[in-house]
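Please read them with the structure open.

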Amino acid sequence: NVVKLFHGRGTTVRAVDGVSTEVERGEVVVVIGPSGSGKSTFLRCINGLEAFSEGHIIIDGVDLADKKTNINKVRMEVGMVFQQFNLFPHKTVLQNIVLAQQVVRKRKDAEAEEKGRMLLQKVGIPEKEHEYPIRLSGGQQQRLCIARAIAVSPEVILMNEPCSALDPIATARIEELIDELRGRYAIVIVTHSMQQAARVSQRTAYFHLGKLIEVGNTKQVFTMPRHELTENYITGRFG
Ligand code: ADP
């Protein structure tokens, strides 16, 4: 029952308005909905980047709303991949992954580098370890961001429009990577692409004006939505 209010001059926006759902380890849940429906705010609340106003967010048994909870500790369990790559430009590809592990997990150089190389292999850019991020294509930068997110061994991976800056080929490779990651993490992806939602997720959640209108099996949501608002959105009548 998560609520996030933004207070402005004389107005209050209910950016997230009483959302309740669960995401299991091993599944990919996609969040769709028109601009301004609260998708990004919802992700930021899960990530502990945004303090929410009411309700509870429980990650692996730990409640973010509990005053005794160490938010920084919970945040170690949540990897985030953004639309903009936000990599460190003056650090090499490998250093970007190493630094994340040192900051979050206090890993020693050798251990962090070994893990970094293993992950660069996994995401398909092992030959880029000494390059600077600017010399990578958009798709390669996003693969580096994913490697960096999983380097700190999180339980949850959140992605906010991870492919919106990428061409179809780079998008397909990121989707393959997401498919490989499925199983070990609880993954939540915000996307504007309904084709992508259908390709990568088991379940789809539809947001509208801060409310979770429906969440269900992706195929069912796209072929037989239970709610008229969802149907209007996916058939292009709204949004
Ligand atoms: P989406 O990701 O679905 O496009 P957002 O979560 O970005 O939607 O925004 C949800 C609502 O919250 C919008 O009405 C937006 O204007 C408002 N909002 C988001 N962030 C802030 C903020 N920092 N301050 C005030 N209002 C905000």
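**Ligand site and sheet**

1. Start with Gly-38. One of its polar backbone atoms sits 3.0 Å from an oxygen atom of the ligand. Keep in mind that this is a predicted model.

2. Ser-40 places a polar side-chain atom 2.5 Å from a ligand oxygen. Thr-41 has a side-chain N or O atom that is 2.5 Å from an oxygen atom of the ligand. On its own, the ligand exposes 560 Å², and the protein buries 60% of that.

3. The ligand is surrounded by Phe-6, Val-13, Ala-15, Pro-34, Ser-35, Gly-36, Ser-37, Gly-38, Lys-39, Ser-40, Thr-41 and Arg-44. By class, this shell has four nonpolar, six polar and two charged residues.

4. Which element supplies the largest share of the shell? Helix H1 does, with four residues. Strand E2 (12-19) and H1 each give at least two residues to the shell.

5. Next, the sheet. Six strands form an open sheet in the order E6-E7-E8-E3-E9-E10, and the pairing is mixed. Strand E6 (78-81) and strand E10 (211-217) are the edge strands, each pairing on one side only. On average, neighbouring strands of this sheet are turned by 20° against each other, direction ignored.

6. Look at one strand pair within the sheet. Strand E3 (residues 28-32) and strand E9 (residues 203-208) run in the parallel sense and share four bridges. Ile-32 has Tyr-206 in E9 as its bridge partner.

7. Helix H1 (residues 39-46) links these two topics. H1 packs on the sheet and touches E3, E6, strand E7 (156-160), strand E8 (186-190) and E9. The direction of H1 makes about 155° with that of E7. H1 also supplies four residues of the ligand shell.

8. Helix H5 (residues 138-151) packs on the sheet too, where H5 touches E6 and E7. The direction of H5 makes about 170° with that of E6. Check E6 and E7 with both helices displayed: H1 touches these strands, and so does H5.

Notes
Residues are numbered from 1 along each chain as its sequence is written. This is a predicted model: local features need pLDDT of at least 70, side-chain atom pairs count only at pLDDT 80 or more; totals for chains, interfaces and linings use all residues. Side-chain values use heavy atoms; hydrogens and water are left out. Two strands pair if DSSP finds at least two bridges between them. Axes are lines fitted to C-alpha atoms, for helices over the stretch in contact, and angles run from 0 to 180 degrees between N-to-C directions. Contact means heavy atoms within 4.5 Å. A residue is near a molecule or strand if one of its heavy atoms lies within 4 Å of it. A polar contact is a pair of N or O atoms within 3.5 Å; within protein, one must be able to donate a hydrogen and the other to accept it, and residues adjacent in sequence count only if both atoms are side-chain atoms. Accessible areas come from the Shrake-Rupley method with a 1.4 Å probe; for residues, only the protein chains shown count as cover. Ala, Val, Leu, Ile, Met, Phe, Trp, Tyr, Cys and Pro count as nonpolar, Asp, Glu, Lys and Arg as charged, and the others, Gly among them, as polar.
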